[in-house]
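Please look over the sequence and the model shown below. The report that follows takes up the surface, the fold, the core and the charged pairs in turn.

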Amino acid sequence: MTTTAPVADARALGLAHYAARAALESVLIRHGLTFRQHITLRSVVVAEAPVEHDALVAQVTGSLKVAAAEARDVVGELVAKGLLTAEATQVRATDAGHALYAEVGAETGELSARVWSGIPAEDLAAAGRVLALVTERANAELAAMGA
């Protein structure tokens, strides 16, 4: 019996995204974070320096495809939780923010290692190229729609 590999399409991408996101969110919820908060916190922590508030909002808006008001709300939530501080026009991660990000990162790193384990490097490279192209094209479509 011959089986054929599934074709990569929007449904396959969506199923992979939602499965991986659900796994990630199962970790985040135990740490009191939402997906949006995690992505926003990550943006500040990896910057390793204060981030301009407006630049952070733009980055989160572009990454998560949410309205700027929603991104600003998430920044405010992280400030209220004591994970970020807002000083004038800049945002920085607090010690608690760095610690939580490291803790979540260790746990999700183990999860990610199990999910990606055993996939040949050439398959990962091909998938990376395809996903980058799909992202580029989808972003172009959003831009053309004025979204």
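## An exposed leucine and its patch

Leu-131 is partly exposed, with a relative accessible area of 41%, where buried stands for under 20%, exposed for over 50% and partly exposed for the range in between (1.4 Å probe, protein chains only). Leu-131 lies in helix H6, and together with Leu-13, Val-130 and Val-134 it makes a nonpolar surface patch of about 300 Å². Such patches are built from residues with over 30% relative accessible area and no salt bridge, like charges being joined within 9 Å and nonpolar side chains (Val, Leu, Ile, Met, Phe, Trp, Tyr) within 5 Å. Helix H6, residues 121-145, gives the most to the patch, with three residues.

## Basis of the model

This is a predicted model, in which local features need a pLDDT of at least 70 and side-chain atom pairs count only at pLDDT 80 or more, whereas totals for chains, interfaces and linings use all residues. Residues are numbered from 1 along each chain as its sequence is written, and side-chain values use heavy atoms, with hydrogens and water left out.

## Overall fold

The protein has six helices and three strands, these being DSSP runs numbered from the N terminus (helices H or I, at least four residues; strands E, at least two). From the N terminus on, the elements follow the order α-α-β-α-α-β-β-α-α, and the C-alpha trace spans about 65 × 40 × 25 Å along its principal axes.

Of the 147 residues in the protein, 24% are buried. The protein exposes about 9500 Å², of which carbon and sulfur atoms supply 60%; accessible areas come from the Shrake-Rupley method with a 1.4 Å probe, and for residues only the protein chains shown count as cover. Among contacts (heavy atoms within 4.5 Å) with a separation of 6 or more, 58% are between residues 24 or more positions apart.

## The sheet

The three strands form an open sheet in the order S1-S3-S2, with antiparallel pairing, two strands being paired if DSSP finds at least two bridges between them. S1 (51-52) and S2 are the edge strands, each pairing on one side only. S1 and S3 pair over two bridges in the antiparallel sense, and Val-51 has Val-91 in S3 as its bridge partner.

Strand S2 (residues 84-87) is joined to strand S3 (residues 90-93) by four bridges, again with the two running antiparallel. The bridge partner of Glu-87 in S3 is Gln-90. S2 and S3 form a hairpin with two residues between them, and in its turn Ala-88 has a positive phi of about 55 degrees.

## The nonpolar core

The largest nonpolar core has 25 residues, of which Leu-33, Leu-41, Val-44, Leu-56, Leu-78 and Leu-84 touch the most other members; a core of this kind is a set of buried Ala, Val, Leu, Ile, Met, Phe, Trp, Tyr and Cys residues joined through side-chain atoms within 4.5 Å. At least two residues of this core come from each of helix H1 (10-30), H2, helix H3 (53-64), helix H4 (68-80), S3 and helix H5 (95-116), and H2 provides the largest share, five residues.

Two residues illustrate these surroundings. When residues up to four places away in sequence are not counted, Val-44 touches Ala-49, Val-51, Leu-56, Leu-84, Val-91, Arg-92 and Ala-93. His-38 is found in helix H2 (residues 35-47) and is buried, with a relative accessible area of 8%; leaving aside its neighbours within four places in sequence, His-38 is in contact with Leu-24, Leu-28, Leu-33, Tyr-101 and Val-104.

## Charged pairs

Side chains of opposite charge can pair when their charged atoms come close. The structure holds four salt bridges, each defined by a side-chain nitrogen of Lys or Arg within 4 Å of a carboxyl oxygen of Asp or Glu. One of them joins Arg-30 and Glu-107, whose closest N and O atoms are 2.0 Å apart, and this pair links distant parts of the chain, Arg-30 in helix H1 and Glu-107 in helix H5, 77 residues apart. Arg-30 is exposed, with a relative accessible area of 55%, whereas Glu-107 counts as partly exposed at 24%.

Another salt bridge is formed by the side chains of Arg-36 and Glu-70 (2.6 Å, N to O); Arg-36 lies in helix H2 and Glu-70 in helix H4, so the pair ties together parts that are 34 residues apart in sequence. Arg-36 is partly exposed at 33% relative accessibility, and Glu-70 is partly exposed at 34%. Glu-87 forms a salt bridge with Arg-92, with 3.4 Å between the closest N and O atoms.
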